[in-house]
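Trainee: Please pick one part of this model and take me through it closely. Then show me how other parts are put together.

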Amino acid sequence: MATSKIDDPRVIEFDVRTDEMLINMGPQHPSTHGVLRLVLRTDGEVVSDVEPHLGYLHRCAEKIGENLTARQWIPYTDRMDYLAAMNMNLGWSLVIEKLLEYDLPERGRHLRVIISEMGRIASHLVAMGTYGLDLGSFTPFLYGFREREKILNLFEEACGARLTYSYLTPGGATADLPVGWTDKCRQFLNQFKEVIPELHTLLTTNSIFVSRTAGIGVMSAKMAVDYGCTGPVLRGSGVYHDLRFHGEERYTEMYEGYVFDVICADPETGKYPESNYEFHGDSLDYPEIPRQAILGDCWHRFYVRMLEVVQSVRLIEQAIEKYEATSGDWGTPIKLVQKLPAKEAYMETEAPRGQMGFYVVGNGDSIPWRVRARSSSFCNLSVTAPLCQGILLADIPAIVGSLDVVMGEIDR
Amino acid sequence: MSEIPLVSELRAKFGEGIIDVNLEAIDEWVELNPSVLVEVCQFLKEAEGFRFDMCNSITVVDYLETDPKKAAKVDWEPHLEVVYHLSSIATKLTLVLKVKIPRWKNGVEGELPTVPSVAGVWATADWHEREAYDLSGVNFLGHPHLKRILCPDDWEGHPLRKDYEMPLEYHGIRGR
């Protein structure tokens, strides 16, 4: 190919210029986890500004709550965070119990620990799988869903539903666990424990994954707290705060007598708590933290979730033993038209995605005067705009994916 | 009971600004005059020993009984209540702040009542206030970009008001 010289008069030279451009990402983009729309202001590959637009999945849950009784609203909580519906049921149940000053029987408490921790595992497995998907690897998704399917089978046996359970209700649960369920659950855990190192090799220590996530989207502890980030997003930044330990008494007493760790790196040493939990006799070592990872980056948020899965397994194992050792009532659901006192109560629980809060105002009627859901994903998402300034376009899915948002919960 | 030194400190510092305190409620709350809201929040966030570094949620409760029969029985005048749920990661305390405002500014229907914005104190309040504005119709003065967040930008009315009526249609889509 003949090349012309630069001083050739026939050649008109253009300056290569890049203009600022507005790019619309979503609401049907596969890596936005539902219907999130991001408007990006880009200059070439560099993103200078991000504005999230929400509301595509707004279903007026709070307004509906003002027209239904406390138990009738349970199915609506399912549809908020549909990947951890059991934990949503739990949050609403606890706040109604707080309003009614109802105390749960011992057996019901252990049942709730089993169910909500199973929900956490199922949710974190999806988070892991879809995060791999966001970054272009399909295999972890299948591995995650294979294991999640087994949990859903167990849930189906307990309550009949696979996604929207409405199982835990104010007062307890709709039914006790079926006969033989705990054995099946134990079987699942034993099998699942062997899979965990496999999941780690798929993503956690995978060098492509590490280079896509380590050092990307670094969020300081101060920023995380200021933006109201909670759950793995907060702990990924090195803030030692888990409502199962530090929450309200009504919630922490559910976990009384259980031994588990809060997964959070020490901000000074950058080390996570030692894994002193034994799998089949030899202790499971957590994979090492890659050199490139900085506390508060995408990799750490992912890692916290992966380690929390181990802690949940640990909790369920203890809970099954305690559940089997206690007899009696598991908690009878409150009446469908239970009158709510003219008081108000607010309560937060540690859902897989962060602190899920419910606020209820009663007025002596069975229908609450006002219902409010404080969504954890909503606050976690609000940090995207400051976090995504001046980064590369390809890092947007990595950052949004690491926040692990569920749009159903954000839009309510 | 850990909140009591807090209340006495607030009273000493803000005096008239503290309208009411209820320590018997399930979650203890403090009612404030809107004029001192931002100062109190700034104080609560920074004061040693309290450090309310987390604003968990901002909610607006509409007190209006639309049923005339029931309205005769209630013991409150129609008003709005802005409720702030605060907590602290450092000290593990929780607190509820309340601000009572009229349903409409100067009693003129359609004019949104105002409350000072606390988005400058906690960044998370930004989105919470946008949601409260969108759904309950409260104008947060000093908010950096107060606009709707869940409803479309051209939506009319504020759905969580008790007297809200769903529009008959929206861009040709039947509402009811």
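Mentor: Start with a term: two strands pair if DSSP finds at least two bridges between them. Keep in mind that the model is predicted.

Take the sheet in chain A. It is open, and three strands form it in the order S8-S9-S10. The pairing is antiparallel. S8(A) covers residues 344-351 and S10(A) covers 370-374. Both stand at the edges with a single partner strand each, so one side of each has no neighbour in the sheet. Neighbouring strands are turned by 15 degrees against each other on average, with direction ignored.

Now look at one pair. S9(A) spans residues 354-361, and five bridges link this strand to S10(A) in the antiparallel sense. Strands of a sheet pair through backbone hydrogen bonds, either parallel or antiparallel. One bridge to pick out joins Gly357(A) to Arg374(A) in S10(A). A helix also packs on this sheet: H3(A), residues 85-100. H3(A) touches S8, S9 and S10 of chain A. Its direction makes about 150 degrees with that of S8(A).

Next, a helix pair in chain A. H12(A) runs over residues 298-325 and H15(A) over 395-403. They pack at an angle of about 30 degrees, and their axes are 9 Å apart. Angles under 35 degrees count as roughly parallel. H12(A) and H15(A) are therefore roughly parallel to each other. Their crossing is left-handed. Where do H12(A) and H15(A) meet? From H12(A) come Cys298(A), Arg301(A) and Arg305(A). From H15(A) come Ala398(A), Ile399(A), Ser402(A) and Leu403(A).

His200(A) sits in helix H6(A), residues 181-204. Is His200(A) buried or exposed? The cut-off for buried is under 20% relative accessible area. His200(A) has 5% relative accessibility, so this residue counts as buried. Its side chain makes a polar contact of 2.8 Å with that of Thr204(A). Leaving aside residues up to four places away in sequence, His200(A) touches Thr205(A), Pro287(A), Met306(A) and Leu307(A).

Turn to chain B for a contrasting set of strands. Its secondary structure comes to four helices and nine strands. From the N terminus on, the order is α-β-β-α-β-α-β-β-β-α-β-β-β. Along the principal axes, the C-alpha atoms fill a box of roughly 55 × 40 × 30 Å. Chain B has 176 residues, and 53% of them are buried. Among its contacts with a separation of 6 or more, 50% join residues 24 or more positions apart.

Within chain B, look at S5(B), residues 94-101. Six of its eight residues are buried, so S5(B) is largely enclosed by the rest of the structure. Which strands pair with S5(B)? One is S2(B), residues 29-32, in the parallel sense over four bridges. Here Leu32(B) has Val99(B) in S5(B) as its bridge partner. Another is S4(B), residues 79-87, in the antiparallel sense over eight bridges. In this pair, His85(B) stands opposite Val96(B). S4(B) and S5(B) form a hairpin, with six residues between them. In the turn, Lys92(B) has a positive phi of about 60 degrees.

Definitions and conventions
Residues numbered from 1 in each chain as written. Chains lettered and ligands numbered in written order. Predicted model: local features only at pLDDT ≥ 70, side-chain atom pairs only at ≥ 80, totals over all residues. Heavy atoms only, no water. Helix = DSSP H or I, 4+ residues; strand = E, 2+ residues; numbered from the N terminus. Buried < 20%, exposed > 50% of the residue type's maximum accessible area, 1.4 Å probe, protein only. Polar contact = N/O pair within 3.5 Å; in protein donor to acceptor, adjacent residues only side chain to side chain. Contact = heavy atoms within 4.5 Å. Axes fitted to C-alpha atoms, helices over the stretch in contact; angles between N-to-C directions. Parallel < 35°, antiparallel > 145°, perpendicular 65-115°, else oblique. Left-handed = near helix turned anticlockwise from the far one by under 90°.
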